[in-house]
Amino acid sequence: MSHPTPIDQRPAWKALAEHARQMRQVHLKTLFQEAATTGEPRYPRFCRRATGLTLDLSKQRFSNATFEGLMALAREADLPAAITRLLAGEKVNHSEDRPALHTALRLPADAHLEVDGQDLVPAVHETLDRMEAIVNKFHAGQWRGATGKAVSDVVNLGVGGSDLGPLMVTHALADYRPRDVHEVKVHFASTMDGSQLADYLTRLNPETTLFVLSSKSFTTIDTLSNARTARDWLLTRLVHDDHEEPSAIDRALVMRQHFIGVSASPEKMAEWGIAPANQLEFWEWVGGRYSLWGAIGLPIALVVGMANFRALLGGAHAMDCHFQEAPLEDNLPVLLGLAGIWNVNFLDIRAHSILPYDGRLEYFASYLEQLEMESNGKSVTNEGQVTAYSTCPVLWGQLGPNAQHAFYQLLHQGTQAVECDFIAPLRRYDRVEDAETRAHLKAQHRLTLANCFAQSRLLMLGDDAIEDDAPRPSHKRYRGNQPSSTVLLDRLTPHTLGALIALYEHKVFVQATVWDINPFDQWGVELGKQIAGETERILGSREGLETMDDSSQGLIQALWAAEDQASSEAKSATSTAGTTRREVS
């Protein structure tokens, strides 16, 4: 449901815009000083807890009046009703006329969600049960390749949501690998140029390697080009029939024992050669970047086991319930989303950095880059009108301890205002058995948290974070006043990671609702694919160059010249080799 009047023309937005003119002149250190003077410290005022997470917004550049104004904006955007529509399975994906039901993938088995007269939960759990059977077979060492050896390496071939989510979670939860099972190493290959896959193919044993083809449409060029390379590699090495064409039986055996498909298109999986028993399905109402909770999460389950995978789902579902039930003033996704809107639309801060202080969250920033920018990188409202206001900021990030030695210089002394999210677990290394080693590791974790807390404080206070009054030259001055949020996990577990991911998913929806845009389509991506296909045809046929602009013509001609030179060199090398052989004879 769209707003009858553009959101920036409505009273709550206008009131916030007027309020922002005053707040832009107020430094964060002043807000903290005023709070201390009045006996109302900011941390308890702007900090909330839920589902094993703590969200601290006290270092955001807003006051009590700002907070109330943002609540009014959320109500004016009819956010509570939008949340209800999302979780009830209504068609919130307006441009594709379908619901966005990633939350259904983490509903418990005894729940019910009826959409168009059908309860979705049984099919969801049927897929989870099929995943569990597959995972158990691998972990028992019973999934064997065509030569009878147990599969020990699985390569996930996917791109975008079929790669970033599983990659991020398997890395984050590597500590939760089950013990006393047949070990399965999971690898990820996504690049279209084949460089990642080529590296694996030089190191892995084809007899013990299986490929998971993950593609919602099963037409993604990146994934299918890698899949064809993997198929040729396996058939060349595993099918021996005196150099004749491989027999149907041998080829079928290789395809059956070395490939699993995950897609919303079972027909295309079958056409490609994926055995029906090895097909895992997900649905059109699940967007790729929201899909790790279902069959796309098979690599996750292979690494951590189904019990931990279900715990991941449980944490996300707990955040879903919180999102649905908590009042706006205490609702973590709502608060995080509104803080972002305040920065983007009222303080004109268009850059957002994600800074995890835990090496296990190395890929979390990359995951959020797709989640947020593909979802909310839109400039047209649900009514088809061009927005007169900014939407999604530019997101980027890195592990905080590494980023401190890379781009924190810009955060502290650059000219660009940046909002930052600091993310860290409060407890770690509790399970290390050796007491001395545990003590050393806990000291390292304490040092990491000290850096996390110190950096957000320095970004807030600037020079005032330093207690001495010695004069400093201008090149050593810190202006501060950079807003940040801090998200603390009690521990990094499957449950809290699920809640953390769902927190950001729902934050995206909150912002999309206020901006009146659709976070569940990605037409900008689709046009790029179409143009790439047309360009590839010109590159291969060498026809149609005149239809291109002169820059593209120049680039294509440079490629053709390089190809011609390579061909000429190859012919010359062949000719030279032939002459050498005749001379030797």
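Q: In which kind of contact do the side chains of Glu505 and Arg106 meet?

A: Side chains of opposite charge can pair when their charged atoms come close. The side chains of Glu505 and Arg106 meet in a salt bridge, at 2.9 Å from N to O; the term denotes a side-chain nitrogen of Lys or Arg within 4 Å of a carboxyl oxygen of Asp or Glu. Glu505 belongs to helix α18 (residues 494-515) and Arg106 to the loop between α5 (79-88) and β3 (114-115), so the pair ties together parts 399 residues apart in sequence. Helices (H or I, at least four residues) and strands (E, at least two) are DSSP runs, numbered from the N terminus.

Q: On what kind of model do these values rest?

A: The model is predicted: local features need pLDDT of at least 70 and side-chain atom pairs count only at pLDDT 80 or more, while totals for chains, interfaces and linings use all residues. Residues are numbered from 1 along each chain as its sequence is written, and side-chain values use heavy atoms, with hydrogens and water left out.

Q: Is Glu505 buried or exposed?

A: Buried means under 20% relative accessible area, exposed over 50%, and partly exposed in between (1.4 Å probe, protein chains only). Glu505 is buried at 2%, and Arg106 is buried at 3%.

Q: Which residue does Asp358 meet in a salt bridge?

A: Asp358 pairs with Arg428 at 3.5 Å, N to O. Asp358 lies in the loop between β10 and α14, and Arg428 in the loop between β12 (419-425) and α17 (435-461), so parts 70 residues apart in sequence are tied together. Asp358 is buried, with a relative accessible area of 4%.
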